[in-house]
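Hi everyone, thanks for coming.

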Amino acid sequence: MAPPLHPLIDHGITKGSPSFLGGKLCCHCQNDAVEVTISGNVAHNHACGCSKCWKPKGALFSIVAVIPRDQLNVTANGDKLHIVDKGATIQRNACKECGVHLFGRIEKEHAFKGLDFVHVELSKQQGWQEPQFAAFVSSIIEQGFDPRGMDEVRTKFKSLGLETYDTLSPPLMDAIATWTAQKAGLLPSD
Ligand SMILES: [Zn+2]
Ligand SMILES: [Zn+2]
């Protein structure tokens, strides 16, 4: 029996809809929930085993995706947001009351600047892109997961059709390396 990875994947993956136009994400507060509106579907949705991404109680992984920052707007109770760690590359904007992360934003120069990181499980709407792969899988050990259980974790992801990586997926790692080479003048900028 594999340990619970995340409620969105433990019982099989529901495919998203290519024609989905976006929706609202809400934090877990019963009253005055922080609301973020996203116009468009997310991309690169994936399970992440790092210690920084927000995940629901009991889950080993977060589910996190990206959306261009100009397609994300805070539409209610934004005064409850605070940045979890101002020194981190991704500034995670969380609700001060319930702790849920509404969006992560990169302000410094970085290959992914211009993209916000979001958790579509905070939405009631259906049609968001489904998880595509699992990233930073080995990082769950750093948070206390027994390394002897890693085979089960990786096998479970593969049984769901998700490839597992200990960094990001090859296309995302290639994008970061390309940006770095462009900055160094070793590749033409596009
Ligand atoms: Zn909240
Ligand atoms: Zn993460």
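Let's begin with the aromatic pairs, of which this structure holds 3. Rings of Phe, Tyr and Trp (for Trp, its six-membered ring) pair if their centres lie within 6.5 Å; planes under 30 degrees apart count as stacked, over 60 as edge-to-face, and the rest as tilted. One of these pairs is edge-to-face, because the rings of Phe 20 and Trp 128 have centres 4.7 Å apart and planes at 70°. That pair links distant parts of the chain, 108 residues apart: Phe 20 sits in the loop between helix H1 (7–10) and strand E1 (22–26), and Trp 128 in the loop between E9 and strand E10 (133–135). A word on those labels: helices (H or I, at least four residues) and strands (E, at least two) are DSSP runs, numbered from the N terminus.

Before going on, a note on what we are looking at. This is a predicted model, where local features need pLDDT of at least 70 and side-chain atom pairs count only at pLDDT 80 or more, while totals for chains, interfaces and linings use all residues. Residues are numbered from 1 along each chain as its sequence is written, chains are lettered from A and ligands numbered from 1 in the order in which they are written, and side-chain values use heavy atoms, leaving out hydrogens and water.

Are Phe 20 and Trp 128 buried or exposed? Buried means under 20% relative accessible area, exposed over 50%, and partly exposed in between, with a 1.4 Å probe and protein chains only. Phe 20 has a relative accessible area of 13%, so Phe 20 is buried. Trp 128, at 7%, is buried too.

Now look at Phe 61 and Phe 157: their ring centres are 4.9 Å apart and their planes at 90°, so this pair is edge-to-face. Phe 61 lies in the loop between E3 and E4, and Phe 157 in helix H3 (residues 150–159), so the pair ties together parts that are 96 residues apart in sequence. Phe 61 is buried, with a relative accessible area of 0%, and Phe 157 is buried, also with 0%.

That brings us to H3. Its buried residues are Met 150, Val 153 and Phe 157. They cover an arc of only 65° around the axis, which puts them on the same side of H3; the arc is that of the directions from the helix axis to the C-beta atoms. The face turned away from that buried side carries the exposed residues Asp 151, Thr 155 and Ser 159. What do the buried residues of H3 pack against? They pack against H1, E3, E10, helix H2 (139–142) and strand E11 (163–164), where contact means heavy atoms within 4.5 Å. Just after H3, Gly 161 takes a positive phi of about 85°.

Last stop: strand E4 (residues 62–68), where 6 of the 7 residues are buried. Two strands pair if DSSP finds at least two bridges between them. E4 runs antiparallel to strand E3 (residues 43–48), joined by 4 bridges, with Cys 48 opposite Ser 62 in E4. E4 also pairs with strand E9 (residues 115–118) in the antiparallel sense, over 4 bridges; there, Ala 65 has Val 118 in E9 as its bridge partner.
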